[in-house]
Amino acid sequence: MKLSARSRVVCGNTQENAMTVICWFRRVLRLDDHPALVAAAEDGAVIPLVILDPAEARAHPASAERQALSLPPLAAALERLGSRLIVRRGDPAEVLEALARQTGASVIHATTGFPFASDDGLEAAAEHGGARLQLHPLADLVPRGSVLTGSGGVYKVFSPFWKAVRQVQIAPPLAVPKLTAPEDWPDSDGTDWPEARAAMVRGWDVLARHTRPGEDEAHARLEEFLEGPLPDYKADRDLPWRPRATSGLADALACGEISARRIWARVQPDYQQGAAGSEHFLSELCWREFARELMAESPDLDRTPWREEWTRFPWRGDNDDAEAWRRGRTGVPMVDAGMREMFVTGQMHNRVRMITGSYLTKHLLTDWKVGLDWFGHCLSDWDAASNAMNWQWVAGCGPDAAPYFRVFNPETQAEKFDAEAQYRRYWLDPDAEGAQAFAEAAPRAWKIDLQDRPKPALSLAEGRQRALDAYQGLKS
């Protein structure tokens with residue numbers, strides 16, 4: 001059935017006709033600072049749409065679950081505005097074409113898919129459905145390609161990029177618009193994402209316990225951080241055992257429950273007053289921008305070494321050591337604790353990400369793309385650009401990279417940042433809550449025995465020397 005293309009709108013005591021438009025909530029699962037939603041509200045009666053793509057669920061199941069958990073709060077927020085959320089499952093191009101044809105929508109407003117997805121084929125699909133596709137930029141700190149060096153190129157080192165961004169006037173976040181409801185609503189598939197649930201298997205319920213979904217929760221977390229841990233952020237952010245040392249907003253940013261611009265604007269009063277921790281926190285937010293600049297310039301950043309000479313580096317492909325790494329069975333406590341944390345919670349402490357990444361690419365001499373793909377599978381805060389740049393950074397082949405001869409020693413790192421082993425005990429001691437949660441979440445095929453602690457495949461000294469020898473071979 002083709003629904004009415006026009007809707008009756010009540011504005012005060014005045015009635016007038018409005019065109020029906022679709023707003024695709026595309027990893028922007030919020031009402032605040034939503035450029036596509038603001039534009040749609042100005043165009044006519046809005047049908048808010050979320051598309052659950054089975055292919056995305058298979059490729060990034062933890063990220064897909066995180067988005068699915070955010071949908072009920074989003075639906076409730078829309079209902080409070082007199083609107084509703086329409087959820088469809090399937091290939092995005094096919095869904096857009098079908099829904100545009102069904103509703104008679106004249107325009108489909110959406111944010112650009114970068115860095116998570118391609119926009120290829122969407123315009124044609126919308127046109128086949130009788131609508132025009134209008135893409136809007138994400139509410140990042142700066143538009144892509146707008147902060148350039150004096151020679152007109154992108155920054156390849158973070159420090160000058162951060163300095164340049166501080167000189168830019170960041171656009172203010174957009175307010176939540178008033179929404180007009182269509183006269184008729186299309187049917188909805190509901191807010192669950194069965195393909196993501198199936199891909200997560202036992203891990204779905206476990207990960208859900210570690211999630212605070214929804215736009216309101218994201219804003220609450222930001223306030224909690226600013227009122228509490230912010231002054232000690234620079235020092236405490238490196239301590240994986242310390243609770244609430246960071247903002248905990250990575251997953252909310254990744255699924256679009258809060259925008260980078262909103263965070264920037266909210267922190268500005270503290271920053272302008274010189275509040276301890278505020279500048280370092282904003283620089284970390286800008287690191288995310290830096291990754292997006294680089295990936296916009298080099299779209300294959302997740303597949304090709306940024307430094308061309310590294311295409312000749314003798315990394316090993318996937319291997320048994322890498323599988324042990326994925327399962328948290330390397331025998332190196334700090335590494336295994338981190339891998340368990342990620343599998344259970346969908347996140348991993350940033351310091352531990354560097355340790356686990358360095359161990360895989362240097363001690364185990366395994367291709368960084370093996371790690372990138374596993375992080376993409378497990379992270380609820382998965383961000384394509386950040387994941388790619390960070391893996392290339394730790395492997396030594398990326399922009400602004402850690403020198404290859406800088407090989408993180410997991411034992412030294414543990415002594416420095418987990419001196420009393422609180423973090424390691426939580427995830428590794430058989431009776432600890434974290435270890436028990438890992439056993440509950442892990443696939444049965446892994447046959448987890450919490451009492452069994454493997455020995456490392458090689459000593460840390462041997463692994464470091466092998467990495468350095470390979471690096472010398474590349475240079476020569």
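Colleague: Is Asp383 buried or exposed?
Modeller: Keep in mind that this is a predicted model. Asp383 counts as buried, because its relative accessibility is 6% and the cut-off for buried is under 20%.

Colleague: Where does Asp383 lie?
Modeller: In the loop between α17 and α18.

Colleague: And what does Asp383 touch, not counting residues up to four places away in sequence?
Modeller: Pro115, Phe116, Arg288 and Arg292.

Colleague: Which residues does the UniProt "binding site" annotation cover?
Modeller: The unreviewed entry lists Tyr233, Phe281, Asp381, Trp382 and Asp383. Of these residues, Trp382 is included in the lining of the second largest pocket.

Colleague: Tell me about Trp382, then. Which loop is Trp382 in?
Modeller: Trp382 lies between α17 (368–378) and α18 (384–395). Trp382 is buried, because its relative accessible area is 7% and buried means under 20%.

Colleague: What is Trp382 in contact with, leaving aside neighbours within four places in sequence?
Modeller: Arg27, His60, Ser63, Phe116, Ala254, Gly376 and Asn387.

Colleague: Which elements give two or more residues to the lining of the second largest pocket?
Modeller: β3 (45–52), α2 (54–59) and α4 (92–103). The largest share, three residues, comes from β3.

Colleague: How many residues of that lining are nonpolar, polar and charged?
Modeller: There are 16 nonpolar, five polar and six charged.

Colleague: New topic. What domains does the domain assignment give?
Modeller: Domain 1 is 20–139, domain 2 is 198–297 and domain 3 is 308–475. Separately, UniProt places "domain: Photolyase/cryptochrome alpha/beta" at residues 19–141, in an unreviewed entry. Over residues 19–141 the chain is 44% helix and 23% strand.

Colleague: How many residues of domain 2 are in contact with domain 3?
Modeller: 21 residues of domain 2, against 32 residues of domain 3. The C-alpha centres of domain 2 and domain 3 lie 22 Å apart.

Colleague: One more residue. Where is Ser83?
Modeller: In the loop between α3 (61–80) and β4 (86–89). Ser83 counts as buried, at 8% relative accessibility. Leaving out residues up to four places away in sequence, Ser83 touches Val46, Pro48, Leu78, Leu179 and Trp185.

Colleague: And how many residues of helix α1 are buried?
Modeller: Seven of the nine in α1 (residues 35–43). Among them are Pro35, Leu37 and Val38.

Notes:
Residues are numbered from 1 along each chain as its sequence is written. This is a predicted model: local features need pLDDT of at least 70, side-chain atom pairs count only at pLDDT 80 or more; totals for chains, interfaces and linings use all residues. Side-chain values use heavy atoms; hydrogens and water are left out. Buried means under 20% relative accessible area, exposed over 50%, partly exposed in between (1.4 Å probe, protein chains only). Helices (H or I, at least four residues) and strands (E, at least two) are DSSP runs, numbered from the N terminus. Contact means heavy atoms within 4.5 Å. UniProt positions are given in the numbering used here, feature names are shortened, and annotations may be inferred rather than shown by experiment. Ala, Val, Leu, Ile, Met, Phe, Trp, Tyr, Cys and Pro count as nonpolar, Asp, Glu, Lys and Arg as charged, and the others, Gly among them, as polar. Domain bounds come from an automatic or database domain assignment. On a 1 Å grid over the protein atoms alone, a cavity is a set of points where a 1.4 Å probe fits but cannot get out, and a pocket is an open set with protein on both sides within 12 Å along at least five of seven lines; lining residues have an atom within 4 Å of a point.
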